[in-house]
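Hi everyone, thanks for coming along. Let me put the structure up on the screen, and then I'll walk you through a few parts of it.

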Amino acid sequence: MDTNLIQGGDIFDILNIVFWLIGSLGYYNLFKKCSVKPLWSLVPVAREYHISLCAGKEREGRTYAILYGVNMLLEIINLFISETSILDMIISIIMLAVVTAQCVYMIRIFLGLCQVFERKKRWTWLWIITESLTAIIWGCSKSFEPSRKVESIDKDAGASISDNYVRPSDTGLTVNINGRTTIDFFKKIYLLRDIHLSIPEGHMVLLLGGSGAGKTTFVNAVTGYEQADASIMLRDKDLYRDYSKMKYDVGFVPQQDLMRGNDTVLRTLADAATLRLPSGITIFARKKRVHEVLEEFGLGAISGSLVEKLSGGQRKRLSIAMEYISDPSLFILDEPDSGLDGVVARGLFEKLRAIADLGKIVMVITHTPDRVIDLFDDVIVLAKDASRTGRLAYYGSVKDSYDFFGKNSMEEILLTINQKEEGGEGRGDEFVEKYALLAAKSGEKAGDDDE
Amino acid sequence: MMMNEKNIKHRGRFAQVFIYLGKLFRMFIFQNDWKVLPMSAIIAGLVSFVVGANLFKTQEGTLMGTFALSCICIWNGFFNSIQVICRERPIVKREHRSGMHISAYITAHMIYQAFLCLCQTVITIFICYITKVRFPDTSLITPWAIVDIGITLFLITYCADMMALMISSFVHSSTAAMTIMPFLLIFQLVFSGAFFQLSGVSLKITNITITKWGLTALCAQGDYNDKPMVSLWNAVAKMQNMEIDGTKPIQEFMTYASESDVRDRILKWCGMNNQNELYAFDAVSVLRCWGFLVMFTVIYAAVAVICLEFIDKDKR
């Protein structure tokens, strides 16, 4: 047998490798132009993910990279199995499905590249037909420059960590969050960090922060629903340690009115009472409580109506009543005024103020705080720092917050701390540092007073 | 109010089952859930009209009819529950946060779905009865053959129902659920192990389908192995006008066979050579099939609970 003969399959493999190397060279330069580490162009799978970063399609890139990896894996498995086996057939079917999905994601990413490089969409065809050559053209030609570069987030950037630990008090809510992390596409990221505060009983607190500042993450950490590296004390009880019992003492009203539309108002509330109230309560006491809450929230007249027939305001009141039925000490509401007009929203917040006046802690997230700001005692301001982590930029009275930020309204404060690309002033880090100093000073003062 | 009290207990799983049962039955009345009952009557009517004539009379008719009956049971089961959890997933998440036990929620669904499946089974049998479908005369488990058949139909429907409930518990939207459903349906039909010639791995796969065990139980209850097989006779009948040397020997033979008992003996003899040991007319075969259906039902329900326990991990 002549060993010098090169078979058709071998030529195909060699060409494949050559094209891959050409493509890598193209991507090497393309990545440099987009401020992505060029060495990633030489690592399969990672390369596919980083192309998507250049294209501003990170989400698609994750799926694309995974599909690419799966396809590679299947190709490797295919090398070791017989072509006539049933496993080969199954793998071929899976590969076909994977390649189809891969093509769709590839098109999305290449369209993104065209957009970033401000080129016509028809370039996508060339990318699909001959990816390597197009990568060389785009990577090496000076006429192809991206309109925006990939923003790299330095994990160590951002305001320094203060560790202003707050001593738990026997009354109120004490929050000491060291960090709340998550794994996002193999990367550990901080969602929240270094948040220490204490809220007295009877206070109504506004939770303010831009999009992605970690408001909901903060609320979930405080309620114990998504536990963080933290200590949350409600009065003298550790919320994390006794979560299974304490959860009934924390009311959380979600943004959407999550109720079954085909149930009546009375039944919805009665079922909520059965679920949330202690089993030791008599049926008469439970019924009494249901009727009390119905009247308190102005739902008595419509108790027989189906939930789906209620107005937005009525639905919101019912949603709040469902949590209020168990008389929680800590009451948290995520945008309770969304979709409500000014008058109805005002009435709702006045009701929440009345609840706080009963000695409860009421914490509210809202995007239109200024119309009802007079009803709040305190404000918690969360800001994204340079590493995109949610940090505490302020906690204190509403009045003092204006002086602290040098602004006249909550909306102005929000604009100050928001990132520049969100249309804000990007001063989040500055106020995080400033507040940390302020908190440290007041902590020292409190310590001196104790001595 | 509650913080000062020690060892406060809240409603346990058992009590919560009744809360959700109440909700589900209200949904049956006030929402459109009741519509699955008339829908099942229409489907049963159509199927019995098409395949009812030869059901439990010939081997081919029995196989086709029991396959069709299994299919309508699976169709009913799938449609009963494919959307019930995913359509209210955010509500389930909220309630889980407020102390709802997932096992109680699924148990309530299981009881409610059992009620629906039972109603659909009764409707299907009633429709078959009024469309003059001939049910087997001899029973194997209970004293009444119709009850035996009813139990099998119920188990097929309920098993399919639980499978759909499982799908509904891990998909996040009704659209996703309705996309997956046809795939499951096709899988159940293709791998029923009766209609398509399968071998090797494909044949083994049939063991995990509801149709395989449902159809096997129905064929066993209908005494498939003792039924005449008519395919060969019908094939020969198509050639009866064939002439050889000016005569029609096949027609002559068929006339002779029809006038005597030879035809019946041939049909019976064909049937005897087409027996399937899985369809043996005995209680053990039927109980084995029922056992598999019950086992699948329990597995699907358990997987539904496990899937839903992770509902807190849902992203916003």
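Let's begin with a helix pair: H5(B) and H6(B) cross each other in a right-handed way. One thing to keep in mind as we go is that this is a predicted model.

So who makes that contact? From H5(B) we have His109(B), Gln113(B), Ala114(B), Cys117(B), Leu118(B), Gln120(B), Thr121(B), Thr124(B) and Ile125(B). Facing them from H6(B) are Ile146(B), Gly150(B), Leu153(B), Phe154(B), Thr157(B), Tyr158(B), Asp161(B) and Leu165(B). Sorted by class, the residues of this contact come out as 9 nonpolar, 7 polar and 1 charged.

Now the geometry. H5 covers residues 102–130 of chain B and H6 covers residues 145–170 of chain B. Their axes lie 9 Å apart, and the packing angle is about 135°.

Next, how the two chains meet. Chain B puts 25 residues into the contact, and chain A puts in 28 residues. On the chain B side, helix H1 (13–30) and helix H4 (89–97) each give at least two residues. Which helix supplies the largest share of that side? It's H1(B), with 7 residues. By class, the side of chain B that touches chain A holds 12 nonpolar, 5 polar and 8 charged residues.

Last stop, chain A. Chain A splits into domain 1, residues 11–140, and domain 2, residues 173–450. Going by C-alpha atoms, the centres of these domains of chain A are 45 Å apart.

That's my tour, and I'm happy to take questions!

Definitions and conventions:
Residues numbered from 1 in each chain as written. Chains lettered and ligands numbered in written order. Predicted model: local features only at pLDDT ≥ 70, side-chain atom pairs only at ≥ 80, totals over all residues. Axes fitted to C-alpha atoms, helices over the stretch in contact; angles between N-to-C directions. Helix = DSSP H or I, 4+ residues; strand = E, 2+ residues; numbered from the N terminus. Left-handed = near helix turned anticlockwise from the far one by under 90°. Contact = placed C-beta atoms within 7 Å. Nonpolar A, V, L, I, M, F, W, Y, C, P; charged D, E, K, R; others polar. Domains from an automatic or database assignment.
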